[in-house]
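Let's take a walk through this structure together, one neighbourhood at a time.

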Amino acid sequence: MIIARFRLGQSWRCCPALSRAYSTGSGVRVRFAPSPTGYLHVGGLRTALMNYLFARKMEGKWVLRIEDTDRSRWVPGAQESLQESLRWTGLEYDEGPDKGGPFGPYIQSERLELYKAYVQRLLLNGRAYRDFRAPSSRNLDARSSALLREAYIPPSEDEAQERIHKGELYVVRLKMEPGRVFTYEDVVYGHMNFRPDVMSGLTEDPILMKSDGWPTYHLASVVDDTEMHISHVLRGEEWIPSMPKHLALYEALGVQTPQFAHLPLLINADGTKLSKRSGDVRVEDYWRQGWEPETLVNLVALTGYSHQDVKSMDQDVKSMEQLIENFDLGRISHSRATLPLGKLGFLNRKHLHAKLEQARKDATMKSSILSRLRTALDRDLGSSSVSKFSDEYILRVANLGQQRVDTLDDIPREMSYLFREPQWDSENCRKFRGSVSTESFRHILNSVQQFFSRTKDVQREWPSWMEGQAKQVNGGKAVVQKSVRIALTGERMGPPVAEIAHLLGLEKAVQRCKDALAWDEIHSADA
């Protein structure tokens with residue numbers, strides 16, 4: 001059963017309707033509960049994504065809760081950074097610090113009185129006790145409940161109040177059952193049973209309230225999941241060892257335990273913990289480098305999850321709608337996973353292509369793409385070089401160049417020749433000119449000017465014109481195509497030559513060929 005909002009002195013009241021809703025899916029409520037200790041890690045993003053997909057698939061609610069009770073690790077601005085990163089990835093939560101909701105506040109430091117009320121309840125029903133010992137003695141004996149209770153007898157309530165009045169410090173501990181074996185069914189790992197302390201085999205009385213009056217993670221997490229009616233807890237596998245404490249606390253409070261699904265960690269290829277030393281692990285790193293948010297979400301969704309429809313690389317490409325439609329908790333792997341970074345460029349080109357297609361008919365997407373492109377153009381080429389180009393021209397350049405770059409931000413640099421004159425004195429140009437006779441090069445450029453001047457459809461007629469020219473020069477089609485490409489772009493590689501000429505406009509293409517010939521006559525060593 002689930003308790004209603006608790007106030008000291010009131011009894012817990014169950015909500016059977018909500019409890020029944022959990023089994024049907026209509027009452028699914030999940031949460032992402034990061035600590036504001038820095039950036040959003042890609043491992044945290046995967047946890048957030050799994051919660052988001054499950055909530056959307058089940059038509060439930062997804063809550064963002066900020067767990068900031070460890071004040072020693074709190075970083076100013078980290079909460080705002082976390083929220084901004086989530087917004088960038090498109091993971092919109094239903095309730096949270098900036099959105100509110102029926103179970104707020106959603107920042108733990110604003111819920112301290114609630115935790116104190118729960119602690120008082122546990123003290124009154126004998127499920128918790130105050131530990132007044134000095135920190136050194138307290139920590140020394142804390143590993144074994146049996147030893148702890150023989151060596152330390154908690155004071156009566158009257159004595160405790162007297163010592164509190166004197167200003168003595170204490171912590172509040174949950175009274176565990178020595179040797180108790182806890183059992184639960186994990187959605188990912190299946191049936192699990194273990195003693196409270198898996199590592200040592202001893203029973204620990206965990207601290208619920210620290211001497212400064214702040215709750216520990218264990219208390220705050222359980223209280224908030226109860227108060228916020230969380231039905232399923234999807235979190236990292238590093239919290240599995242804490243399950244005995246949490247199960248005991250749910251039991252002591254007399255409330256229903258949510259379903260738990262512990263998610264395997266993301267790791268490096270060598271099995272070590274994912275860290276900054278191993279590459280980009282922050283969501284904002286990918287943002288700053290120009291990757292599409294859909295790409296990062298797609299990449300993370302491919303890790304630690306068994307997609308049933310992936311038989312080729314193209315099927316790795318997943319939209320958010322597809323991820324939601326096909327999401328199933330039962331397909332989460334219990335094996336640790338690595339990010340398939342080798343797929344990053346491929347996925348980004350696919351998602352970027354979809355966005356450019358959407359921009360043809362969606363004004364909002366068009367505006368977003370153009371804003372990013374103009375910013376990149378100003379950065380790489382200067383505003384004076386690109387201000388004369390229309391939005392439509394810039395979008396056409398992007399569509400032509402997007403399959404040859406990894407990110408949208410690369411397009412201005414990779415396709416710069418469509419915004420300014422070619423650099424014919426580049427090393428690439430000089431190397432090519434050294435491999436082609438002057439007679440052949442100039443013949444091709446003179447002929448292509450005539451072709452550009454008379455053709456009605458450059459893309460359709462280009463292949464036959466090139467066939468004819470190839471018979472007249474040494475080197476065949478390769479020399480013909482590269483000569484024209486060098487004249488139009490100053491590069492040896494790029495999109496199809498006919499498409500470049502069509503985008504430039506045939507009049508501009510003719511002029512570039514004339515300019516290239518003029519430059520060649522002055523600078524060619526073979527002239």
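Start at Phe-451, which counts as buried because its relative accessibility is 2% (buried means under 20% relative accessible area, exposed over 50% and partly exposed in between, with a 1.4 Å probe and protein chains only). Before going further, please note that this is a predicted model, in which local features need pLDDT of at least 70 and side-chain atom pairs count only at pLDDT 80 or more, while totals for chains, interfaces and linings use all residues. Residues are numbered from 1 along each chain as its sequence is written, and side-chain values use heavy atoms, with hydrogens and water left out.

Phe-451 forms a stacked aromatic pair with Trp-465, at 5.3 Å centre to centre and 20 degrees between the planes. Rings of Phe, Tyr and Trp (its six-membered ring) pair if their centres lie within 6.5 Å; planes under 30 degrees apart count as stacked, over 60 as edge-to-face and the rest as tilted. This pair links distant parts of the chain, with Phe-451 in helix H19 (residues 438–454) and Trp-465 in helix H20 (residues 458–470), 14 residues apart. Helices (H or I, at least four residues) and strands (E, at least two) are DSSP runs, numbered from the N terminus. Trp-465 is buried as well, at 8% relative accessibility. Ring pairs join Phe-451, Phe-452, Trp-462 and Trp-465 into a cluster.

Next, find Thr-489 in helix H21 (residues 476–489). This threonine is buried, with 2% relative accessibility. A polar atom of the Thr-489 side chain lies 2.8 Å from the backbone oxygen of Arg-485, and one lies 3.0 Å from the backbone nitrogen of Glu-491. Leaving aside neighbours within four places in sequence, Thr-489 is in contact (heavy atoms within 4.5 Å) with Tyr-417, Pro-422 and Ile-500.

Now move to the sheet. Three strands form an open, antiparallel sheet in the order E3-E4-E7, where two strands pair if DSSP finds at least two bridges between them. Strand E3 (128–131) and strand E7 (207–209) each have a single partner strand, so one side of each is left without a neighbour in the sheet. Four bridges join E3 to the antiparallel strand E4 (residues 171–174), and Arg-130 stands opposite Val-172 in E4.

Finally, look for an arginine above a ring: the charged end of Arg-71 sits over the ring of Trp-74, 5.1 Å from its centre. That description requires NZ of Lys or CZ of Arg within 6 Å of the ring centre and within 35 degrees of the ring normal.

Methods:
A polar contact is a pair of N or O atoms within 3.5 Å; within protein, one must be able to donate a hydrogen and the other to accept it, and residues adjacent in sequence count only if both atoms are side-chain atoms.
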